[in-house]
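Thanks for sending this one over. Here are my notes, point by point, to read with the model open beside you.

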Amino acid sequence: MENLVIVNLFGNIYKNKRVFITGHTGFKGAWLCLWLKYLGADVKGYALEPYTDHDFYVVTNMENQVKSVIGDIRDYKKLKKEISDFQPDIVFHLAAQPLVRDSYKTPRDTYEINVMGTVNVLDIVKDTPSVKACIIITSDKCYENVEKEDGYQETDPMGGFDPYSSSKGCAELVTAAYRRSFFNPLNNRQGTLIASARAGNVIGGGDWQRDRIIPDSIKALKKKEPIKVRNPKSVRPWQHVLEPLSGYLLLASQAFTLHGYLGLADNNSFYKDNLAGAWNFGPDIDKLVTVGELVEKIIQYWGNGSWQDTHEPGAVHEHKLLHLDCAKAKKLIDWNPALTVEESIELTVAWYKKINEKKPNMHDFSQQQLATYIQKAQNKNIVWSK
């Protein structure tokens, strides 16, 4: 990325900062590692082993780029030791059981991981004075989905039909309770800001989880088989993985900058109403597409292929309509999407085509995609430095 002109990216906050990431071997976590290393951060991750040997974390050699600890988020004692030893400045919590359909099969595990895992992180952070900003990543599915036409706002009720969605709503309630009880500006002596982030359906290179439309599509296309689509008419807030990550990084950078002012009474309302709280990061409502339209674009950029509707009337419940209102992030921290849906899909398919080449350098290629994303953002006057 030598030729890229960076204009005060995130206020240069991350250079030489200690950043702790739970779930760093996962899809979003590994892309976050790549970006943080580019920003000059000292990164330590805590997570389970990668899902496959061709996950983003593996093929980009992230294991040799960051400090990595393999562990279960439910192991409080081990997690506490790793965070305490590292004394991070910033914490990103992404570790989760991430699949709706799996939550029907293992509801107890889903709640233990997604709810108690969040409790563990917050409980440790409250006893770790070095942490100045902690971002809890949940999901757009945390909302009580009544399939309304307008996007969900951060103040809408939590809910969830299935165990996964419910567990994410629970994680949001846990985060709010800890923030009010232990990180209130009136008694928050260490000055830690706690925020939660809710993102839409992310796509991008290096995701191989089952029951996700991109990896399922790529697997079918490689086998020259039709892509099986369960719910072609469902509408989802598709966005490239770098879009919500830019929001997480922007939010944490501003929280880190603000933490030193929490003792001033005049800043309490800013803390309460602006940075500390819940945030949506998703595409513009008028840019949403159906699953069927997404698959058509995947096939277009792949160069060939087909798909078939495999909807099963008796299948487990999945909502047909879901999108977010991101006006708060646009107004208060000047965050905006940098990519169109088509650009997001094109970057995603290009990554999977690249990995099919003989001995591809996926670390360099992924960095090039990050550079492309940053350049597109700068071309739209998005500089993440408000």
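**Notes on the predicted model**

1. Let's begin with Q369, which touches W31, L242, L347, A350 and W351, not counting residues up to four places away in sequence; contact here means heavy atoms within 4.5 Å. Q369 sits in helix 13 (residues 362–379). Its relative accessibility is 4%, so Q369 counts as buried (under 20% relative accessible area is buried, over 50% exposed, and in between partly exposed, with a 1.4 Å probe and protein chains only).

2. A word on the ground rules. This is a predicted model, in which local features need pLDDT of at least 70 and side-chain atom pairs count only at pLDDT 80 or more, while totals for chains, interfaces and linings use all residues. Residues are numbered from 1 along each chain as its sequence is written, and side-chain values use heavy atoms, with hydrogens and water left out.

3. Overall, the protein has 13 helices and 13 strands; these are DSSP runs numbered from the N terminus, with helices being H or I of at least four residues and strands E of at least two. Of its 386 residues, 58% are buried. Among contacts with a separation of 6 or more, 82% join residues 24 or more positions apart.

4. Now to the core. The largest nonpolar core has 89 residues, and those with the most contacts inside it are Y14, W35, L36, F92 and W384. Helix 8 gives the largest share of this core, 10 residues. Another core, of 23 residues, lies apart from it and includes L79, I83, I113 and L122. (A nonpolar core is a set of buried Ala, Val, Leu, Ile, Met, Phe, Trp, Tyr and Cys residues joined through side-chain atoms within 4.5 Å.)

5. Helix 8 (residues 242–258) has 17 residues and reaches 24 Å from first C-alpha to last, close to the 24 Å expected; the expected span is 1.5 Å times one less than the number of residues. Because 16 of its 17 residues are buried, helix 8 is largely enclosed by the rest of the structure.

6. What does W35 touch, leaving aside its neighbours within four places in sequence? The contacts of W35 are L9, F10, L242, L245, S246, L249, L370, Y373, I374 and W384. W35 also belongs to an aromatic cluster with F10, Y14, Y373 and W384.

7. Rings of Phe, Tyr and Trp (its six-membered ring) pair if their centres lie within 6.5 Å, with planes under 30 degrees apart counted as stacked, over 60 as edge-to-face and the rest as tilted. By this rule the count comes to 15 aromatic pairs. W31 and F56 form a stacked one, 4.2 Å centre to centre with 25° between the planes. W31 lies in helix 1 (residues 27–38) and F56 in helix 2 (residues 56–59), so the pair ties together parts that are 25 residues apart in sequence. Both W31 and F56 are buried.

8. Two lysines are worth a look. K328 lies over the face of W279, at 4.3 Å from the ring centre, and the charged end of K126 sits over the ring of F182, 5.4 Å from its centre. (The rule asks for NZ of Lys or CZ of Arg within 6 Å of the ring centre and within 35 degrees of the ring normal.)

9. Last, N304 is in the loop between helix 10 (291–302) and strand 13 (307–309). At 44% relative accessibility, N304 counts as partly exposed. N304 and L221 are 83 residues apart in sequence, yet 7.9 Å apart in space, C-alpha to C-alpha.
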